[in-house]
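Work through the following exercises with the coordinates open, and try each task before reading its solution.

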Amino acid sequence: KLQLLARCTEDKLQLLARCTEDKLQLLARRTEDKLQLLARRTEDKLQLLARYTEDALQLLVRCTEYKLQLLARYTEDKLQLLARCTEDKLQLLARYTEDNLQLLARYTEEKLQLLARYTEDKLQLLARCTEDKLQSLA
């Protein structure tokens, strides 16, 4: 009986060992499969994140480049407008100054002519008075 019990126990232990080994191998395969699946998903997510980041950076670069071009055009337009306005104002100032100088020249010339006529009239009057005095004395 002891031999029979020993054989049965040995058979059961071998069966238990085989079952345990099979279960451990199955568990190992499942764990390995899950780890590979997790690795693939993680890799896919990292690739997607990398593409998303690259796309976002390219978009940022394009937007920044576009904004810089707009700023450059805006600045150039403003500078051209400022140049035109300054040029217009300088031309107006030149015309205004020229007009004022011509007006001043005419005014001065008229005043000098008036002064000359006044002086000439006074000299003629003085000459007549002097002549009249000289005639009355003679």
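**Exercise 1.** Decide whether C129 is buried, partly exposed or exposed, and how many disulfides the whole structure holds.

*Solution.* Begin with the classes, in which buried means under 20% relative accessible area, exposed means over 50%, and partly exposed lies in between (1.4 Å probe, protein chains only). C129 has a relative accessibility of 40% and therefore counts as partly exposed. C85, at 36% relative accessibility, likewise counts as partly exposed. Next, apply the criterion that a disulfide is a pair of cysteine sulfur atoms within 2.5 Å; a search of the whole structure then finds zero disulfides.

Before going on, note that this is a predicted model, in which local features need pLDDT of at least 70 and side-chain atom pairs count only at pLDDT 80 or more, while totals for chains, interfaces and linings use all residues. Residues are numbered from 1 along each chain as its sequence is written, and side-chain values use heavy atoms, with hydrogens and water left out.

**Exercise 2.** Describe the fold and the overall dimensions of the chain.

*Solution.* First, take helices (H or I, at least four residues) and strands (E, at least two) as DSSP runs, numbered from the N terminus; the chain then has one helix and zero strands. Helix α1 covers residues 2-137. Second, consider the extent: the C-alpha trace spans about 195 × 20 × 5 Å along its principal axes. Third, compute the radius of gyration over C-alpha atoms and compare it with the globule rule, 2.2 Å times the number of residues to the power 0.38: the chain has 58 Å, whereas a compact globule of 138 residues would have a value near 14 Å. Finally, 0% of the 138 residues count as buried.

**Exercise 3.** Find the C-alpha separation of D44 and L92, and that of L57 and Y118.

*Solution.* D44, which is in helix α1, lies 48 residues from L92 in sequence, and their C-alpha atoms are 70 Å apart in space. L57, also placed in helix α1, is 61 residues along the chain from Y118, with 88 Å between the C-alpha atoms. As for accessibility, D44 is partly exposed because its relative accessible area is 47%, whereas L57 counts as exposed because its value is 51%.

**Exercise 4.** Which residues make the nonpolar surface patch of about 360 Å²?

*Solution.* The patch is made by L46, L49 and Y52. One of these residues, L49, is found in helix α1, and with a relative accessible area of 49% L49 is partly exposed.

How values were computed
Patches are made of residues with over 30% relative accessible area and no salt bridge: like charges are joined within 9 Å, nonpolar side chains (Val, Leu, Ile, Met, Phe, Trp, Tyr) within 5 Å. Accessible areas come from the Shrake-Rupley method with a 1.4 Å probe; for residues, only the protein chains shown count as cover. A salt bridge is a side-chain nitrogen of Lys or Arg within 4 Å of a carboxyl oxygen of Asp or Glu.
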